[in-house]
Each structure stands twice: as C-alpha cells, then as structure tokens.
Amino acid sequence: MQRAGKVEVWLEQEPEEVRIHYVEANPPADMQKKGTILLIHGFPETSYQFRHVIPPLSSAGYRVIAPDYRGAGYSTRPTTGHTKKVLATDLHTLMTDKLGINMTPSTS
C-alpha cells in the first residue's frame with residue numbers, strides 16, 4: 001500500500017503569505033488512473049481525519065488530495081480570508097494552478 005506524501009504550496013506572497021499544506025497520494029504506477037478525489041475537512045478538523053481513507057482510495061486507482069485549508073492544521077493562519085468564498089478559491093487555485101488538475105468534467 002502506498003503512503004501519502006505531505007506537501008506545502010504557497011498561494012500568495014503579498015500582502016499576506018498563505019501556505020496551504022496538503023497530503024497527496026497517487027495510485028500505484030501499474031494501475032490505470034481513474035481520476036482525482038479532493039477530500040475537504042470541516043471545522044475544526046484537518047486533513048489528518050482522512051488518514052484511513054486515503055490509502056484505499058489511492059489503491060483503487062485515484063489520485064487523492066487532502067488539504068488543510070487556511071487557518072487549519074499545518075497551513076498558515078492569516079488574519080483575513082476565512083470566508084467560504086476565499087476558502088473555495090484557495091482550493092480551486094491549489095487544484096488548477098499549483099497541481100495542474102483540469103477541473104472541467106469530461107464529456108465522455
């Protein structure tokens with residue numbers, strides 16, 4: 001069973017630094033990739049709550065991303081930007097800009 005790797009990525013440098021910590025697990029190299037699953041925790045949890053579901057999802061062929069949103073876990077705790085819209089924008093930026101994941105549903 002593959003272990004998940006812990007990663008951090010910077011979303012903003014100015015005016016206030018925002019670092020998003022996330023756990024990523026890829027499917028085994030010899031398996032066809034089925035897609036990407038984004039696991040989003042609630043308050044007051046962190047990505048740690050997914051430690052038991054990440055390995056089976058990854059083993060089933062999915063790339064799994066479990067971030068700590070801003071202000072939670074190992075992500076930075078900026079003084080602003082804790083609205084649902086900002087948190088959603090952070091996750092979208094992480095997935096599309098930083099990880100290069102196409103968020104457009106396939107038509108096939």
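How many bridges join β3 to β4? Some notes on that and a few other things follow.

1. Ground rules. This is a predicted model, where local features need pLDDT of at least 70 and side-chain atom pairs count only at pLDDT 80 or more, while totals for chains, interfaces and linings use all residues. Residues are numbered from 1 along each chain as its sequence is written, and side-chain values use heavy atoms, with hydrogens and water left out.

2. The strand pair. To take the opening question: β3 and β4 run parallel and are joined by 4 bridges. Strands here are DSSP E runs of at least two residues, helices are H or I runs of at least four, and both are numbered from the N terminus; two strands pair if DSSP finds at least two bridges between them. Within the pair, I37 sits opposite V64 of β4. To get from β3 to β4 the chain passes through helix α1 (residues 54-59), giving a right-handed β-α-β crossover. Right-handed means that, with the strands pointing away from you, the path from the first strand over the helix to the second runs clockwise.

3. The cores. A nonpolar core is a set of buried Ala, Val, Leu, Ile, Met, Phe, Trp, Tyr and Cys residues joined through side-chain atoms within 4.5 Å. Buried is under 20% relative accessible area, exposed is over 50%, and partly exposed lies in between (1.4 Å probe, protein chains only). The largest core has 8 residues: V18, I20, Y22, I65, L94, M95, L99 and I101. Both β2 and α2 (84-98) put in at least two residues each, with β2 giving the largest share, 3 residues. There's also a second, separate core of 7 residues, including V23, F50, I54 and A66.

4. The salt bridges. The count is 2, taking a salt bridge as a side-chain nitrogen of Lys or Arg within 4 Å of a carboxyl oxygen of Asp or Glu. In one, R63 pairs with E24, with 2.7 Å between the closest N and O atoms; R63 is in strand β4 (residues 62-68) and E24 in strand β2, 39 residues apart. E24 counts as buried because its relative accessible area is 15%. In the other, R70 meets D90 at 2.6 Å, N to O. That one ties the loop between β4 and α2, where R70 sits, to helix α2, which holds D90, across 20 residues. Both R70 and D90 are buried.

5. A look at N26. This residue is in the loop between β2 (18-25) and β3 (35-38). N26 is classed as partly exposed because its relative accessibility is 31%. Its C-alpha is 9.6 Å from that of I54, 28 residues away along the chain.
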